[in-house]
Amino acid sequence: MKNKFLHYSVLLVLTIQTCYAQTDTIPAQKLDTVYIQSSRISSTLQKLPASVSVYQARPEDATKQQLSLQEYVQQSSGVFTQNATNFAQDLRISIRGFGARSAFGIRGIKLIVDGIPETTPDGQGQLDNLTLGIIDRIEILKGPSSSLYGNASGGVISIQTIDNVESPFSSWKGSVGAYGFQNFQATGGIGTKNADYIFHGSYVSSDGYRDQSGFKQTNTNFKANFRLGDNVTLKALLNYSDSPEAQDPGSLTLESVQENRRQARDRNVLFETGEEIRQFKVGASIVWNRSKHTLVEGYLFYNNRQFDGKLPFEFGGVIDLGRNYLGQGASISYIKGKNKLKAGYDFGYQNDDRQRFRNLEGTQGDQTLDQKEKFTNIGVYVTDHLEIGNWYFTGGLRFDYNKLSADDAFLSNGDDSGDITLNAINPSVGVNYTFAKAHSIYSSFSTSFETPALSELSANPDGGQGFNEDLEAQRATNYEIGLEGTFAKKLRYQLAFFRIDTQDDLVPFELEAFPDRTFFRNAGKTNRNGFEVEGVYAFAKAWSVSASYTFSDFKYRNFTTPNGAFDGNALPGIPKHVANVGLQYRSDKGIYVGIQTSIVGLQYANDSNEAEVEGYENISLRGGYDFGYKNVMIRPYVGVNNLLDQAYTDNVRINAFGGRFFEPAPGFNAYGGVELRF
């Protein structure tokens, strides 16, 4: 496997020298300038001293299965995704290692949807309320970015959904596939002189590849874009998500996987593990071009999430969580000549009502915890972009006030209420030099911090209530140099070398005394050395090839636990080598064919590096055909996942007790559907 991967890696590095850095496949004659918004101040990709991947949606995205965000971001260098098929645990995304620790959902990465934070103040993020069918654009800003976005900003994923309607339309899509998969979507858009309205609804369900792994979900989304005069734009959004069922089959030992890949863990079946979610979100943002030199922006939102879950153990194995999350922010930009200065603030407040009960083999028993957890964040920042000739300079500074508190309402075993304050100051600086008109070299320095999430703090390994006050915030420093450019307006490339030094890494572990519960501890220091390269080459009007490669040499520098010293060991859950290669064909006659190959190297499942997870090659194929009938565009399509029927691991449970590290991925499977657009 190692020799095979080395062979693929060498081929990829040779190929990528003539590739294009934007992950979208744009025909050669439409290779336009790429603008980046996630840097807080708009800049072109070529000038910005940072590594950014951009995904621009295309009509043929309708041929995707659209089950998880993995289908949109996995081809970006520096990004690694797992757990795309366990919908009770959610997709795990890591950027340069940030987020790899997550037991469920997304950690350490700032998620932004339509300009509004999706990540809670404590650093938790879920995208189960995002309908993939209305994604218009994704920006992935890699590396520590806390000078821009504060807590849990080891990277940034900024998603824009469609909001402009050139003419009224409606779109209807239905698809079915293996393991009882169903995906039905309806989208409509109405445009007037001063406003655009977009409505979207979807229903997705699956029986799952493994036993006890089915899920059902309904999403509704409304978005409006109002043009209030020549200088003011107001956007409003409303979203509701209902997932009445998402079963958790659990992780298996290697012996159990070899015996039957599709089985669920016996304890997960016994305790009927899974979750139910209902989420409501409302928000608005405004942009006011006050004058030629001044721009004012603001946003506000409210989010309510109700979570009911069952875990595979008795004491505290039933969770009832009610979350209210609200936020507001504003900024002012001053533009004078080649200088752009921006100052602003973000406010976020999170209130979790967490209750736990005994799980009596699927039935709720006596209460074991009743705790009100709060997280208040106030962040103020300033950032500046200055252009002098061929030089482009950026700088930023942010201060964050973070107060975390727990009010213990379960007093039969004492009062464990308490609070923690974790403040932080984070600077960043970068410089970019453009040469030969179409190429640039950059260098940057940035930092980040990441507080433990409220759910991580409330998982107390001493068995008590309240917070685990031994946990500290994780901090990181990033040093980076890169090269990016364009050849002959047909090829564009991006390379980045980085070193990240972290302190107090948050690492998951399990204890024999509390089987199946995930706890967290700080790991002294780590060193992360990496290399990323990505690109797309639009070599003909109908053909394009995309490629990316990531080298991740991430190691503990100083980490000792009661189980031993792990200095020099690799960080678990992150493969050293990851490559992606894609080939797309799109004809003027409406035919589309795309093939995507992911090559993932060996990774470790625990801190001791004794448990190895083999690498794999995963190939997916999809295609469709567009044709018109009267005023209807009809697009039938088919897709195949895991074309080689590889037996690989979809998710690794890091440091799981008893060797239960493995969640098997589906084998060869197919889907098909049709889209009608009026």
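**Stop one: the core**

Select L69, I93, L127, I138, I157 and I159: of the 21 residues in the largest nonpolar core, these touch the most other members. A nonpolar core here is a set of buried Ala, Val, Leu, Ile, Met, Phe, Trp, Tyr and Cys residues joined through side-chain atoms within 4.5 Å. Buried means under 20% relative accessible area, exposed means over 50%, and partly exposed is in between (1.4 Å probe, protein chains only). Now colour α2 (70-73), β5 (92-95), β7 (110-113), β10 (135-142) and β11 (155-161), the elements that give two or more residues to this core. The top giver is β10, with three residues. Those labels are DSSP runs numbered from the N terminus: helices (H or I, at least four residues) and strands (E, at least two).

Before moving on, a word on what you're looking at: this is a predicted model, where local features need pLDDT of at least 70 and side-chain atom pairs count only at pLDDT 80 or more, while totals for chains, interfaces and linings use all residues. Residues are numbered from 1 along each chain as its sequence is written, and side-chain values use heavy atoms, with hydrogens and water left out.

Which residues does L69 touch, leaving out those up to four places away in sequence? Show L91, I93, L127, L132, I135, I138 and I159; touching means contact, with heavy atoms within 4.5 Å. Apart from this core lies another, of 13 residues, including F98, F554, F566 and L571.

Next, click on R96, in the loop between β5 and β6 (106-107). Is R96 buried or exposed? It's buried, because its relative accessible area is 2%. R96 also has a positive phi of about 50°, though it is not a glycine. Most residues other than glycine have a negative phi.

Jump to E361, in the loop between β20 (339-360) and β21 (363-388). Its phi is positive too, near 55°. E361 has a relative accessible area of 48%, so it counts as partly exposed.

**Stop three: G309**

Find G309 in strand β18 (residues 294-310). At 6% relative accessibility, G309 counts as buried. Beyond residues up to four places away in sequence, G309 touches G274, E275, G317, V318 and I319. Then draw a C-alpha to C-alpha line from G309 to G623: they are 314 residues apart in sequence and 38 Å apart in space.
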